[in-house]
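Dear colleague,

I am passing on the structure below, together with some notes on what came out of it. Please read the notes with the coordinates open beside you.

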Amino acid sequence: MTAQSLPIGSCPVCDYMMDSATDLSNEKVEPQPDDLSVCLKCTSILRFDDELRLVPLAPGEFAKLPDDRRATLFRIRRIVRKINRSFSR
Ligand SMILES: [Zn+2]
């Protein structure tokens, strides 16, 4: 996976500072407005706004996503939580 630089910002839920994002496709892809992301600290599902700032999903937005997209996001959250647990030992 290739990390892409982002404008430095923080998770709107937990304030974790982030300055890069990684695309699952392993391609060098710049984040685009409305792309989704997962906070590496609190695992909140976030969306890039028009200026590529991370914002929380609007109420009901997650439920409207296609099943495969929701399943992928849940899988990412499980992996991030597992990694975070391994670092906290
Ligand atoms: Zn967070």
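**What was found**

Helix H1 (residues 67-87) has 21 residues, which at 1.5 Å a residue should span 30 Å, and its end C-alpha atoms are 31 Å apart, which agrees; the expected span is 1.5 Å times one less than the number of residues. Please bear in mind that this is a predicted model, in which local features need pLDDT of at least 70 and side-chain atom pairs count only at pLDDT 80 or more, while totals for chains, interfaces and linings use all residues. Residues are numbered from 1 along each chain as its sequence is written.

The protein has 1 helix and 5 strands, which run β-β-β-β-β-α from the N terminus on; helices (H or I, at least four residues) and strands (E, at least two) are DSSP runs, numbered from the N terminus.

An open sheet of 3 strands has the order S3-S4-S5 with antiparallel pairing, where two strands pair if DSSP finds at least two bridges between them. Strand S3 (36-38) and S5 stand at the edges, each with a single partner strand, so one side of each is left without a neighbour in the sheet. Neighbouring strands of this sheet are turned by 45 degrees against each other on average, direction ignored. S4 and S5 pair in the antiparallel sense over 3 bridges, and Arg47 has Val55 in S5 as its bridge partner. H1 packs on the sheet, touching S3 and S4, and its direction makes about 25 degrees with that of S3 (axes are lines fitted to C-alpha atoms, for helices over the stretch in contact, and angles run from 0 to 180 degrees between N-to-C directions).

As for burial, a residue is buried if 20 or more other C-beta atoms, placed from the backbone, lie within 10 Å of its own, exposed if 12 or fewer, and partly exposed in between. Buried residues make up 9% of the 89 residues in the protein, and H1 is hardly covered, with 0 buried residues among its 21.

Asp49, in the loop between strand S4 (45-48) and strand S5 (54-56), is exposed, with 11 other C-beta atoms within 10 Å. Leaving aside neighbours within four places in sequence, Asp49 is in contact (C-beta atoms, placed from the backbone, within 7 Å) with Pro33 and Val55. Asp49 and Pro33 are 16 residues apart in sequence and 5.1 Å apart in space, C-alpha to C-alpha.

Notes: Two residues are in contact if their C-beta atoms, placed from the backbone, lie within 7 Å.
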